[in-house]
Structure formats: structure tokens, C-alpha cells
Amino acid sequence: MDFLPINKDDMKKRGWDQCDFVFVTGDAYVDHSSFGAAILSRLLERYGYKVGIIAQPDWKNINSFKVLGEPRLGFLVNSGNIDSMVNHYTTFKKKRRTDSYSPGGKANFRPDRAVTVYSNRIREAYKHIPIIIGGIEASLRRLSHYDYWSDSVKRSVLLDSGADLLVYGMGEKAIIQIAEALDSGIPIEEITFINGTVYKTKDRQRPYEPIILPSFAEVSTSKQKYGESFKIQYKNTDSKSGKTLIEQYDTVYVVQNPPMETLSTEELDDVYDLDYMMDYHPVYKDFGGIPALNEIKFSITSVRGCFGGCNFCSLNFHQGRIVQARSHESILSEVEKMKKDKDFKGYINDVGGPTANFRIKACKKQEIYGACIDKECLTPQKCKNLIVDHKDYLELLRKIRKVEGIKKVFVRSGIRYDYVIYDSNDDFIEELCKYHVSGQLRTAPEHVSESVLRLMGKPSIVLYNKFVKKFDDISKEIGKEQYIVPYFISSHPGSHMKDAIELAEYIRDMGHIPKQVQDFYPTPGTMSTCMYYTGFNPLTGEDVYVPKDKEERQMQRALLQYNKKENYDLVLKALTKEKRYDLIGFGKEALIKPRYN
């Protein structure tokens, strides 16, 4: 077993004259099951295809895209594990100085809008080769979308990139079907029949009984039409109920086929049983390795999908709301492989996924009908059909703890605290506190204002407070000094200054200031981003206040860390603006002290 070829010398060692596919990715080459490029390339290898890797090519030099020669079937392109624009810029559009997915954690190893740039350069190098794009950047830009960085509505990335086909969501089934179609001689322009893909055509009649979205001309000039389009897309993200969608761009139509069906447990197990090296390529050793691998190298992905329904999260459009879980046997097998790594010290950093404590589907109905189109599982109230059960996850954690050589198993993925509170059995939270917390447990209440939480798709702060009390009581009872570390988001749509101050007061009463806070980031493909751009909730039509002014956003963010010296002026201005003079003083209730000149 070895890394896949990254140059022609590697190909020669394998006796290859030509690759079937060349995978171009914006991340460094890390052959680990947490990296999409590794999963798809190893899966193609399992099916007998020869795959080479071009990681972080120099996009200014066309020869960087020729190092493996022209592939027999096509190029596969993604931006890496993270959107290249999110990777490069903060919420205030300042350039980031580091990139944990690049050698030594250094920045500038990939371009802005990497999928588009890479695809355009490949097309320059090879005029007629099929180009298939995918990954998070392509998936969330598959149709017209609001682009925060240019403050405009952009076309489908399929058009701007010049690619032939786009794979959205988790692409294992789609990529194999595409490979088999190309291998059988079907022209790329005729591969329009695979679920989980987006194609372009001039033939309006090609898609069968599609839902017609507002055209690009409409959504790019009318926020009302943009909201209408988003609502339709939002209701067609499930593989059992999703329909074909079509969007017009003058004489060209972009067609989104229905979502690909989710993987079964057996199929998911197979994905994680592929021949990964579980490490970064040795060419990066002298650069200090790839920092992103440090946290995930000894972490285990237990599940995919999430029915949490957070509006600021893109999972609904990418992984979907149906939970897919690996078998215990598959995970225990990965633990055994992990133990053989020379760097493994007996500590597993995480066993989880998008939400660690979701291991089963939300309800029995999802088995037949998929996720509900018109309601969520947990908000604004718990659905009466929701199955709340931690037994399978508990049993899994117990089995891992018993494996010889395992000293500690941590849970560091997000815990859905309302799901814990809804469980009539406290076994999970008791064992979580006793065995699986490394001093701090990360949770994500995100806000405290009920009106903001509603727009976020998050549960009431009352449930979070119940969880905190239960966690603290159990920790005290077992004699452990451990804490909950909450994550909060400032300036989310619907957050007025008074809401930000309410959050600051909550933080004051917690007794400790969070070290990390996040200003709302309007990334493509989320309900919250749609609200940010349009100023209304696309599902209900209600108007939504959006804090867009830069100074107001800075003030809302500063309030979350009101004790920092550099935030004093912004906090003072915010409190003065809202006439909250009661919070300026020397008493226990005060956030800041008055300034004397």
C-alpha cells in the first residue's frame, strides 16, 4: 500500500502509462478518510481505476496541471475540505495569515475561488477533456447564489468554471456511476441521468418534469425572486422527495438532478475501510507537515448527516438531514488500525460527526419518506415523532473504551444538548461526564435571545441552561472539575443591538468570557445567508432585521468579549447607543467601567 501517484515517476513505479482520472485539489495531499479527495480517489481505485493526485498546483503556471499528463477519462476538481473563500478571508473580509490544510500551516497555496480557477486552467491545458467538479465549494454553488465577498448574486459555478459536470453532496455513488459511464464510452455531455449531479444543456426538454426555478436574470435583480428560488431548493434536498430543478441562463439551462440516495451502513463501512495511508504525503515532512491532520488523525467519523436544522449551517444542502451511521464493527476495526500507528498514544480525540450524539434516524417515517419538507425535527418544538435514544452511541463508546491499549476516548464533536435533555434516561450524560470530557466540553447555544434563536433554527436557551446545570451537577457528583465551553455567534440576521447586549449580560453571568467568538459568516447555501441578503425569511416571508453596517457588526462582536481592553470603545458606544447606562459602572452588573478624562 502506498500513496497515489503525484508525478510521472510514481506512475512509472506502478507501471502506468496514463491515469484514468487526475484529481486536482486545493488541499495538500492527505490520504485520510476525513478528506474528500482521499475518499473519492481511493474509492475509484477500489473499482479498478488509476487515479493520480495534483495537490495545490501553482495556478499561475499551466504546466502544474500537466505533471501527470492527460488522463484517459477526466479531471476531478475540488477546492479541498473547506471553501477557498472561507479559507482565505475572515468574516470582515480580512486575509487570513494561516491555512491549516497547507504545508506548515502557511497561506497562499491555493487561489480564491479555487474550483473555478483550477477548472479554467485545466481547460486551457486540455481543450476537450471532461472536467467534473465537486466538494463543498462546488456543492454549495451549484445554482445561482449570493456571494458575500463580492456582495452580488453569482451564476452557477458549473458555468463560471467551464466544467462539464458537477457532483453535489457526498459524491461516492455519483462518482462511480460517472466513471462507469465515461469508461463505457458515453460522452460527458450525455451523462445527464445521474442523481446527485448538475449539468448544463441548451435543450429545455431534456430534463423530465422538472420544477422550474426563477431564472438567473430574475434572482440576480429581485430579492423576492431570490427568496422564492431558495425556498424551492431548500425543500428539494432529500433523496426520497427531492425533484429535478432547472434554472435558465439566457440560452443555457442548468439542471440539478434529485439528490443521490444516502449510503447504507454497509456502504458507509466500505468507504471507511478503503486503503488509506492515514497520513500526509511525505513530501510535506520538511515543511512541518499539515496542521489539519493533527486534530483528526486520531479521530473517528461515526456518522454523516444531521437533523439539527441550524439555519446558518450548510449541512442541509451538502450532507442532508438523514443520519447515516457506521457499524460498530467498522469503527472498532478503525481503532485497531489506529493502534498500529507509531504516533498513537492511546488517546482517541473524537468519535462523532456533524452532531456526535445523533446515531439513528430522527424517526421511523424517514425510512420511507425521507426528511419532512415543511417542518424540522427539533425546532421550534420537538416533533412528536422524534426518537430520542442514546443507547447505540453509548454502547459504541463502551466498546471502544474496552479495547486494549485505549486510555481515553474523548467526544469533541458538537453535542446536541436539547436532544440530551429530551432523553428520559441520564445514562449518556452521566457517562459523557465520567469518561469522555477532556476538561472542557464544547457546545453551541449560539445566542440567548429567543427571537434570534428562532431565526437561527436553534432551541430555547432554557434547554441549554438545563443541560449546563445537569452537566455541572453530575461533574460535581463524580468529583471532576470540568467545564462547558459555549460557542456564540454575533450579528446573525435578526440580532438587534439589544439582543447582543442581552447575550453580553448572559456571558457576564456565566462568570467567564469565551476565548473564541464568531461573527456571522454569510456562506453560500444556508438559510441564514438568504436572510442576510434578502432581508426576509424565505420560508415565512417575514421581514428580518440584518446588521450589515460594519461598525454595528464590530460592536456586536465586541460585546461578546466586553472585558478586552481593545474592545472598550466599541462596547461603550454600543451601550450608549442603547441607553444602557446601567451597564457602565463599578457594580456587579456593569460590563465596563466609566471612562474619566
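**Reading strands and helix pairs in a predicted model**

Tutor: Let's start with Thr197, which touches Leu165, Leu166, Val167, Tyr168, Ala174, Ile178, Val255, Gln256 and Asn257, leaving out residues up to four places away in sequence. Contact here means heavy atoms within 4.5 Å. This is a predicted model, where local features need pLDDT of at least 70 and side-chain atom pairs count only at pLDDT 80 or more, while totals for chains, interfaces and linings use all residues. Residues are numbered from 1 along each chain as its sequence is written, and side-chain values use heavy atoms, with hydrogens and water left out.

Student: Where does Thr197 sit, and is Thr197 buried or exposed?

Tutor: Thr197 belongs to strand β9, residues 197-201. Helices (H or I, at least four residues) and strands (E, at least two) are DSSP runs, numbered from the N terminus. Buried means under 20% relative accessible area, exposed over 50%, and partly exposed in between, with a 1.4 Å probe and protein chains only. Thr197 has a relative accessible area of 0%, so Thr197 is buried.

Student: What does the side chain of Thr197 reach?

Tutor: The backbone oxygen of Ile194, at 2.5 Å.

Student: How do I read the pairing of β9, and which strands join it?

Tutor: Two strands pair if DSSP finds at least two bridges between them. As a general idea, side chains in a regular strand alternate between the two faces of the sheet. Here, β8 (residues 165-167) pairs with β9 in the antiparallel sense over two bridges.

Student: What surrounds Thr25?

Tutor: Thr25 lies in strand β1, residues 21-25, and counts as buried because its relative accessibility is 3%. Beyond neighbours within four places in sequence, Thr25 contacts Ala37, Ile54, Ala55, Gln56, Pro57, Asn78, Gly80 and Tyr118. Thr25 and Ala38 are 13 residues apart in sequence, with 9.9 Å between their C-alpha atoms.

Student: How should I describe two packed helices?

Tutor: By the angle between their axes and the distance between the axes. Axes are lines fitted to C-alpha atoms, for helices over the stretch in contact, and angles run from 0 to 180 degrees between N-to-C directions. Take α2 (residues 36-46) and α7 (residues 172-183): their axes come within 10 Å and cross at roughly 45°. That makes α2 oblique to α7 (under 35 degrees counts as roughly parallel, over 145 as roughly antiparallel, 65 to 115 as roughly perpendicular, the rest as oblique). The contact involves Ile39, Leu40, Leu43 and Leu44 of α2 with Glu172, Ile175, Ile176 and Ala179 of α7.

Student: Which residues meet where α20 packs on α22, and what is the angle?

Tutor: The axes of α20 (residues 497-510) and α22 (residues 550-559) come within 8 Å and cross at roughly 15°, so α20 and α22 are roughly parallel to each other. Met497, Ala500, Ile501 and Ala504 of α20 meet Glu552, Met555, Gln556 and Leu559 of α22.

Methods:
A polar contact is a pair of N or O atoms within 3.5 Å; within protein, one must be able to donate a hydrogen and the other to accept it, and residues adjacent in sequence count only if both atoms are side-chain atoms.
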